[in-house]
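Subject: Structure handover

Hi,

Here is the structure we discussed. Please have it open while you read the notes below.

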Amino acid sequence: AKFDETVELVANLGIDPKKADQQVRGTVSLPNGTGKTVRVAVFAEGDLAAAAKEAGADIVGSEDLAQRILEGFTDFDVAIATPDMMGKAGRLGKVLGPRGLMPNPKAGTVVPAADLERAINESKAGRVEFRLDKTANVHVNIGKVSFDVDKLYDNLASLMGAIRKAKPAASKGTYVKKVTLSSTMGPGVKLDPNQALAMDRAAES
């Protein structure tokens with residue numbers, strides 16, 4: 001390819017996504033980032049808005065930002081809000097929800113005012129959200145083809161660790177059934193699921 005391809009992991013899990021007690025969702029900070037410039041939007045007012053801008057947020061607003069989004073503006077990768085702003089952000093579910101951009105406590109994007117700067121920094125540095133889709137797959141970008149192998153390995157190990165820790169208590173049988181790595185234009189490369197999970201344990205020890 002004539003561009004720096006993204007490397008994506010797809011993990012097929014042995015659980016039923018239709019069951020409420022078998023949902024898999026979480027966030028993980030990839031130690032080497034994703035290689036992508038992350039645009040962060042923050043719902044905040046007053047002093048918090050100023051603090052968000054200082055922390056590196058690309059777009060900061062309140063009612064004005066909510067109105068822009070209702071009119072179709074979605075030129076950002078992460079949306080963060082404090083709990084008191086969810087009254088304004090909450091009505092944007094139909095626009096942000098399908099794009100995976102809706103602020104959510106489980107995704108670490110609804111945070112107390114004291115944690116706002118940290119949430120912005122982590123999002124910029126490579127914190128990614130993962131969640132099970134309707135076909136029991138988890139899709140996550142773990143870097144770029146240009147990354148050193150060691151950096152991709154560390155990112156993959158961190159992600160597999162987070163997926164392992166997110167295992168629902170109701171999960172029975174084989175949790176991770178298949179793991180595939182692929183670049184944007186390249187073929188999928190299958191990994192041994194047990195070895196992929198063991199990468200994390202090796203990285204932790």
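Which side chain does a polar contact of 3.2 Å join to that of Ser123? It is the side chain of Arg127. A polar contact here is a pair of N or O atoms within 3.5 Å; within protein, one must be able to donate a hydrogen and the other to accept it, and residues adjacent in sequence count only if both atoms are side-chain atoms.

Some ground rules before the rest. This is a predicted model, so local features need pLDDT of at least 70 and side-chain atom pairs count only at pLDDT 80 or more, while totals for chains, interfaces and linings use all residues. Residues are numbered from 1 along each chain as its sequence is written, and side-chain values use heavy atoms, with hydrogens and water left out.

Around Arg127

Arg127 sits in strand β6, residues 127-131. Strands (E, at least two residues) and helices (H or I, at least four) are DSSP runs, numbered from the N terminus. Arg127 counts as buried because its relative accessibility is 11%. The cut-offs are under 20% relative accessible area for buried, over 50% for exposed, and partly exposed in between, with a 1.4 Å probe and protein chains only. The Arg127 side chain also reaches the backbone oxygen of Gly108 at 3.0 Å. Leaving out residues up to four places away in sequence, Arg127 touches Thr27, Val28, Ser29, Ala107, Gly108, Thr109, Ala119 and Glu122. Contact means heavy atoms within 4.5 Å.

The sheet

An open sheet is built from 4 strands, ordered β7-β1-β8-β9, with antiparallel pairing. From one strand to the next, the twist averages 25 degrees. Strands pair if DSSP finds at least two bridges between them. For β8 (176-183) and β9 there are 3 bridges, in the antiparallel sense. Thr180 stands opposite Lys190 of β9. Helix α6 (149-165) packs on this sheet and touches β1 (6-13), β7, β8 and β9. Its direction makes about 155 degrees with that of β7. Axes are lines fitted to C-alpha atoms, for helices over the stretch in contact; angles run from 0 to 180 degrees between N-to-C directions.

The cores

A nonpolar core is a set of buried Ala, Val, Leu, Ile, Met, Phe, Trp, Tyr and Cys residues joined through side-chain atoms within 4.5 Å. The largest has 31 residues; Leu9, Leu13, Phe130, Leu159 and Ile163 touch the most other members. Two or more residues each come from β1, β6, β7, α6, β8 and α7 (193-204). Helix α6 gives the largest share, 7 residues. Leu159 is in contact with Leu9, Val28, Leu30, Phe130, Val140 and Ile142, neighbours within four places in sequence aside. A separate core of 16 residues includes Phe43, Leu65, Ala79 and Leu92.

Ile142 belongs to β7. Its relative accessible area is 1%, so Ile142 is buried. Beyond four places in sequence, its contacts include Val7, Phe147, Leu156 and Leu181. Leu48 lies 94 residues from Ile142 in sequence and 31 Å away in space, C-alpha to C-alpha.

The aromatic pair

How many aromatic pairs does a search of the whole structure find? It finds 1. Phe73 and Phe76 form a tilted pair, 5.8 Å centre to centre with 50 degrees between the planes. Rings of Phe, Tyr and Trp (its six-membered ring) pair if their centres lie within 6.5 Å; planes under 30 degrees apart are stacked, over 60 edge-to-face, the rest tilted. Phe73 is buried at 18% relative accessibility, and Phe76 is buried at 5%.

Best wishes
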